[in-house]
Amino acid sequence: MTVLDPAHTMTPQTYMQQLSRWRALEIAFWLATLLPFWLFPTYLSLASQIAITALFALSLDLILGYAGIVSLGHAAFFGLGAYSAGIFTKFVWGEPFSGLLVAALVAGVVGYASSFIISRFRHLTLIMITLGLGLLLHEAANSASWLTGGSDGLQGVSIQPVFGVFKFDLYGYTAYGYALGILFLCFLFTRHLINSPFGLALRGIRENFTRMPAIGADSRAHIRKVYTISAIIAGIAGGILAQTTETVALEVLSFERSADVLVMLVLGGAGRLYGGLIGAAVFLIARDQFSGINPQYWYFWIGVLLVVVVMLLPNGILGGLSKLTARWRRT
Amino acid sequence: MLPPVFGVLFDGIAYGMLLFLLSVGMSVTLGLMNFVNLAHCAFGMIGAYVAVMLMKDFNWNFFATLPFAFLSAALVSVVVERTLYRKLYRATDLDQVLLTIGLAFISVAAAAWFFGTTQQPVAMPSYMRGSINFLGLNIGIYRMFLVAVGIVVTILLVMTLEHTRFGAQVRAAVDNQRMARGLGIDVDRTFAVTFALGSGLAGLGGALAIEIVGLDPHFAFIYLVYVLIVVSVGGLGSIAGSFAAACLIGISDIAGKYYVPELGGFLIYLVMVAVLMWKPAGLFGKRS
């Protein structure tokens with residue numbers, strides 16, 4: 001990593017430009033996401049799961065990694081998106097992009113409304129409030145079974161071809177292409193956002209919530225904005241899941257989903273754009289492999305993984321890697 | 001003759017006492033030491049399994065197992081505190097959350113490995129099983145026992161933390177570690193003992209809980225949410241707050257299930273969110 005020193009070597013403008021410059025490794029990363037099409041065509045459904053979960057983790061990274069808001073109920077927006085896209089597809093029409101738009105809209109409206117609560121609290125109270133709101137929504141979806149199908153899940157979602165051409169096939173070529181494309185678009189948007197003055201203000205809030213207003217940045221207004229954006233992205237991720245699997249299970253709103261995405265993000269490295277993406281891939285591939293060995297004790301290995309990451313890799317896999325490359329460059 | 005509302009109230013308070021016994025240890029560790037320990041109910045689970053094993057495999061009396069439930073949970077917690085937790089006392093909330101949730105995952109898988117995933121049978125002595133009739137209300141003897149234990153534990157804890165030398169050392173070590181060290185207080189030892197006390201209480205709560213709520217490997221997770229609710233609603237570090245919150249949550253849960261079953265599990269979450277929005281630091285809390 002090159003050390004950027006905006007105060008002495010460059011103007012703010014060139015600093016911002018340098019932040020947003022594409023690196024060769026990034027381009028290689030995105031080209032590598034195309035490999036499953038040719039190398040692992042039997043794993044395409046896992047690959048779409050990874051793309052969807054990576055998008056969800058990216059949305060959590062925005063609020064947790066950058067703004068420092070710990071949420072234990074982020075699955076609320078993922079689930080809202082999944083149910084809105086599913087219900088819209090079932091009862092209105094099956095065109096995929098308009099379904100995603102509805103998912104984004106619903107998650108965004110609820111996210112904006114709850115952001116007024118979120119921005120008022122910090123620390124444990126915030127964790128408990130997000131947990132409580134998430135559990136409330138889970139209960140609501142469970143009891144509104146006339147609309148959501150309750151614990152049986154929402155059935156009968158059938159989706160039309162993307163652009164009217166690409167049908168969702170049995171092997172998952174279209175599903176993965178669709179999920180990957182949306183992930184990439186949302187990633188571009190997030191990347192742009194993070195490398196803007198707004199993104200810098202978020203990092204300021206993470207480092208010191210109370211001092212930011214002193215330099216003219218209203219912490220609470222910023223939190224409301226980024227929370228809404230994060231909710232929208234999580235909603236889109238949920239929407240893609242509903243559309244590509246053509247069903248919605250109550251599990252999309254569960255506490256486990258909130259906890260798992262948190263684990264993935266921290267595993268990959270929170271506060272880094274690629275942290276959630278790497279974390280989701282490692283987590284889901286590991287789960288796929290381990291649960292093949294013994295499904296019942298898979299949680300043992302997540303537990304061990306978490307303890308190891310917290311004790312030995314405080315900034316996740318990516319943090320550990322960048323420390324390693326920094327040491328390698330020095331010698 | 002008393003109207004049935006008193007029966008609901010009593011059951012709610014008895015359930016609240018159960019939640020209180022499970023969570024008061026966390027009120028000590030999280031409230032006093034500022035350590036977010038999501039593995040707290042795993043220590044409760046250790047106490048519960050120890051009690052069940054002693055009763056089942058060694059034919060111990062239920063009451064004889066209780067001290068061992070306390071001791072085994074305390075002992076395991078000292079080991080974990082020495083090896084893992086003490087390095088994270090000054091880490092961020094998030095790191096503590098992740099480490100301890102990892103330990104909770106491990107404990108659930110380990111319990112499933114050693115004891116199987118089925119519910120454990122409990123053999124309570126026959127004289128604890130019945131109920132007595134009081135002015136037309138059926139009051140369970142075991143529930144009365146729970147309420148009594150809850151009150152005794154509250155009094156003992158408040159006395160220990162407010163009126164003994166040890167309590168003064170704990171409060172000093174928490175408020176200002178450097179100053180406490182300067183005064184000759186062994187801060188490390190004080191923290192370890194406090195932590196063992198909190199976890200031991202969880203173990204005791206776990207052993208007492210199995211008669212009412214049963215025991216399977218998911219215990220560490222299911223009751224974690226309730227414990228967190230009690231602690232945050234009561235206010236960090238306030239024993240009296242946890243006591244009040246546990247009663248409030250217990251009563252609203254039982255009353256909700258009795259009078260408005262359509263609301264089901266909603267009510268306690270609603271109560272929690274409402275209380276926290278009204279008082280972010282909890283009912284008796286001083287800091288959020």
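This is a predicted model: local features need pLDDT of at least 70, side-chain atom pairs count only at pLDDT 80 or more; totals for chains, interfaces and linings use all residues.
**A walk through chain A**

Residues are numbered from 1 along each chain as its sequence is written, chains are lettered from A, and side-chain values use heavy atoms, with hydrogens and water left out.

Now for the fold. Chain A has 16 helices and 0 strands, counted as DSSP runs (H or I, at least four residues, for helices; E, at least two, for strands). Its radius of gyration is 20 Å, close to the 20 Å the globule rule gives for 331 residues, so chain A is as compact as a globular protein of that length. That radius is taken over C-alpha atoms, and the rule is 2.2 Å times the number of residues to the power 0.38. Of the 331 residues, 53% are buried, meaning under 20% relative accessible area (1.4 Å probe, protein chains only).

Let's zoom in on one residue. Ser114(A) sits in helix α7, which covers residues 96-118. Ser114(A) is buried, at a relative accessible area of 11%. Leaving aside residues up to four places away in sequence, Ser114(A) touches Phe77(A) and Tyr227(A), a contact being heavy atoms within 4.5 Å. A polar atom of the Ser114(A) side chain also lies 3.2 Å from the backbone oxygen of Gly111(A).

Technical notes:
Buried means under 20% relative accessible area, exposed over 50%, partly exposed in between (1.4 Å probe, protein chains only). A polar contact is a pair of N or O atoms within 3.5 Å; within protein, one must be able to donate a hydrogen and the other to accept it, and residues adjacent in sequence count only if both atoms are side-chain atoms.
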